[in-house]
Amino acid sequence: MSMIVDRRRFLVGAGLAAMAAGLGLPFSFEPAAAQTVEQAKLIAPEASPLPEKALGSATAPVTIIEYASMTCSHCAAFHTGTFPELKKKYIDTGKVRFIFREFPFEPVATAAFMLARCVPEDKYFPMVSTLFETQKTWAYSTDPAAGLLAVAKQAGMSQADFEKCLTDQQLGEKVQESALYANKELGVNATPTFFVNGKKLSGALGMAEWDKELAPLLAGK
């Protein structure tokens, strides 16, 4: 697979330092036909170059792994519409462990993931939720960095922290390594993509579809 190294910088207003966003993400992904994935590949250290971000019991009978892009409108629709109910019904009750992994397609998505990684641990998922909720205000604007700065300030980040986070090249590269591994080893080529106990599902599934998918896995549990 060829990679396009893109170090474009998005300038934020007058006097704000440049935001280094793109650090080598492939802009096209290799398709894969496999519908199930070996558990060993899903939990390999290479699958999550950065510390795992998860919700729910570690002993839950079902594990859902989501690969998402912060600029993906379908991912935003899932997280703002379906996810709260999925969390309440299955994750908070100990039936499902939910693991969230980065799959950025372009520099702005990489930058958004970096910001989520730079907030305190207990603010990671709230930050992800806020980014999805406000996606239209920054992801599709002519000045995405200004929009991201506004979201970061709402999360308590200073402008200095914002700049420091987005110029952390090692962090950006690790965010993108997640996508590279997922595409090559797991067959992920679109977002959102879910793995439910290893079974690959694509698209922003609604609650009726989740209920149908999870019912046989939770029968008698």
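Mentor: Two strands pair if DSSP finds at least two bridges between them, and strands (E, at least two residues) and helices (H or I, at least four) are DSSP runs numbered from the N terminus. This is a predicted model, in which local features need pLDDT of at least 70 and side-chain atom pairs count only at pLDDT 80 or more, while totals for chains, interfaces and linings use all residues. Residues are numbered from 1 along each chain as its sequence is written, and side-chain values use heavy atoms, with hydrogens and water left out.

Trainee: Which residue stands opposite Ile-64 in E6?

Mentor: Val-196 in E6 stands opposite Ile-64. Strand E6 (residues 193-196) is joined to E4 by 4 bridges, and the two run antiparallel.

Trainee: How many bridges join E4 to strand E5?

Mentor: There are 7 bridges between E4 and E5 (residues 96-102), and these strands run parallel. Within this pairing, Phe-100 in E5 is opposite Glu-66.

Trainee: What kind of β-α-β unit do E4, helix H2 and E5 make?

Mentor: A crossover is right-handed if, with the strands pointing away from the viewer, the path from the first strand over the helix to the second runs clockwise. Here E4, helix H2 (residues 73-91) and E5 make a right-handed unit.

Trainee: Why is strand E4 largely enclosed by the rest of the structure?

Mentor: Buried means under 20% relative accessible area, exposed over 50%, and partly exposed in between, with a 1.4 Å probe and protein chains only. Strand E4 (residues 62-68) has 6 of its 7 residues buried, so the rest of the structure largely encloses it. In the chain of 221 residues, 49% are buried.

Trainee: Where is Thr-71 found?

Mentor: Thr-71 lies in the loop between E4 and H2. Its relative accessibility is 15%, so Thr-71 counts as buried. Contact means heavy atoms within 4.5 Å; leaving aside residues up to four places away in sequence, Thr-71 touches several residues, among them Glu-106, Gln-135 and Trp-138.

Trainee: How many aromatic pairs does the structure hold?

Mentor: Rings of Phe, Tyr and Trp (its six-membered ring) pair if their centres lie within 6.5 Å; planes under 30 degrees apart count as stacked, over 60 as edge-to-face and the rest as tilted. The structure holds 11 such pairs. One of them, Phe-78 with Trp-210, is tilted, at 6.4 Å centre to centre and 45° between the planes. This pair links distant parts of the chain, since Phe-78 is in helix H2 and Trp-210 in helix H9 (residues 207-218), 132 residues apart. Both Phe-78 and Trp-210 are buried.
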